[in-house]
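Q: I am new to this structure and would like to learn how its features are read. Could we go through them one by one?

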Amino acid sequence: ALSDHSSLFCSSSSISGPACEIVFSKMSLVSDTMSLTIAVTNTDFNELDEFVSAVYIGDTNVGGPYLVSDGEDFNCARKSVIIHSMNLSADSISASGELKIRIE
């Protein structure tokens with residue numbers, strides 16, 4: 001089980017269509033107040049074709065695009081919150097207790 005606040009880090013060094021996926025395991029929805037916040041480091045988001053196109057929880061697209069007009073290059077100190085306190089439902093967690101998040 002996770003604590004009140006748990007974090008995982010994901011990154012991609014792919015030049016074309018970078019994406020990353022993280023999996024929180026041994027999860028159970030312990031209350032109806034479980035939420036998700038995603039912050040993205042501004043490493044390479046200054047050009048028109050550099051943005052977060054979608055965020056998936058499991059196989060469900062929950063948003064995007066993000067950082068289309070307000071991203072930056074080489075500003076690792078800046079974290080842009082693209083999803084803030086999104087409530088998670090019980091069906092976000094797989095039968096095996098995993099919460100899979102993919103950022104494209």
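Q: In which element of the protein is confidence lowest, and in which is confidence highest?
A: The general idea is that where pLDDT is low, the predicted coordinates should not be read in detail. This is a predicted model, and confidence in the protein is lowest in β1, with a mean of 89, and highest in β3, with a mean of 96. Over the protein the average pLDDT is 85, and 89% of the residues score at least 70.

Q: Which residues have the most contacts inside the largest nonpolar core?
A: A nonpolar core is read as a set of buried nonpolar residues joined through their side chains. Here the largest one has 21 residues, and those with the most contacts inside it are I38, V52, V55, I82 and I101. The elements that contribute two or more residues to this core are β1 (20-24), β2 (35-44), β3 (55-57), β5 (73-87) and β6 (99-103).

Q: With which residues is I38 in contact, leaving aside its neighbours within four places in sequence?
A: Once those neighbours are set aside, I38 is in contact with V55, S80, V81, I82, I83, I101 and I103. Among these partners, V55, I82 and I101 are also named with I38 as residues with the most contacts inside the core.

Q: How many salt bridges does the structure hold, and where are they?
A: One looks for a side-chain nitrogen of Lys or Arg within 4 Å of a carboxyl oxygen of Asp or Glu, and the structure holds 2 such salt bridges. In one of them R78 pairs with E72, their closest N and O atoms being 2.8 Å apart, while in another the side chains of R102 and E104 meet with an N to O distance of 2.9 Å.

Q: Why do R78, E72, R102 and E104 count as partly exposed?
A: The reasoning rests on relative accessible area, because partly exposed covers the range between the cut-offs of under 20% for buried and over 50% for exposed. R78 has a value of 26% and E72 one of 29%, whereas R102 stands at 30% and E104 at 28%.

Q: How do β3 and β4 run, and how many bridges join them?
A: Strand pairing is read from the bridges between two strands, and in this case 3 bridges join β3 to β4, which run antiparallel. I57 stands opposite T60 in β4. The two strands, β3 and β4, form a hairpin with 2 residues between them, and G58 in the turn has a positive phi of about 65°.

Q: Where is P65, and what is the peptide bond from G64 to P65?
A: A peptide bond is read from its omega angle, and the bond from G64 to P65 is cis, with omega near -5°. P65 is placed in the loop between β4 (60-63) and β5.

Q: Which residues does S92 touch, not counting those up to four places away in sequence?
A: S92 touches I57, E98 and L99. S92 lies in the loop between β5 and β6, and at 17% relative accessibility S92 counts as buried.

Conventions
Residues numbered from 1 in each chain as written. Predicted model: local features only at pLDDT ≥ 70, side-chain atom pairs only at ≥ 80, totals over all residues. Heavy atoms only, no water. Buried < 20%, exposed > 50% of the residue type's maximum accessible area, 1.4 Å probe, protein only. Core = buried A, V, L, I, M, F, W, Y, C linked by side-chain atoms within 4.5 Å. Helix = DSSP H or I, 4+ residues; strand = E, 2+ residues; numbered from the N terminus. Contact = heavy atoms within 4.5 Å. pLDDT = per-residue confidence, 0-100.
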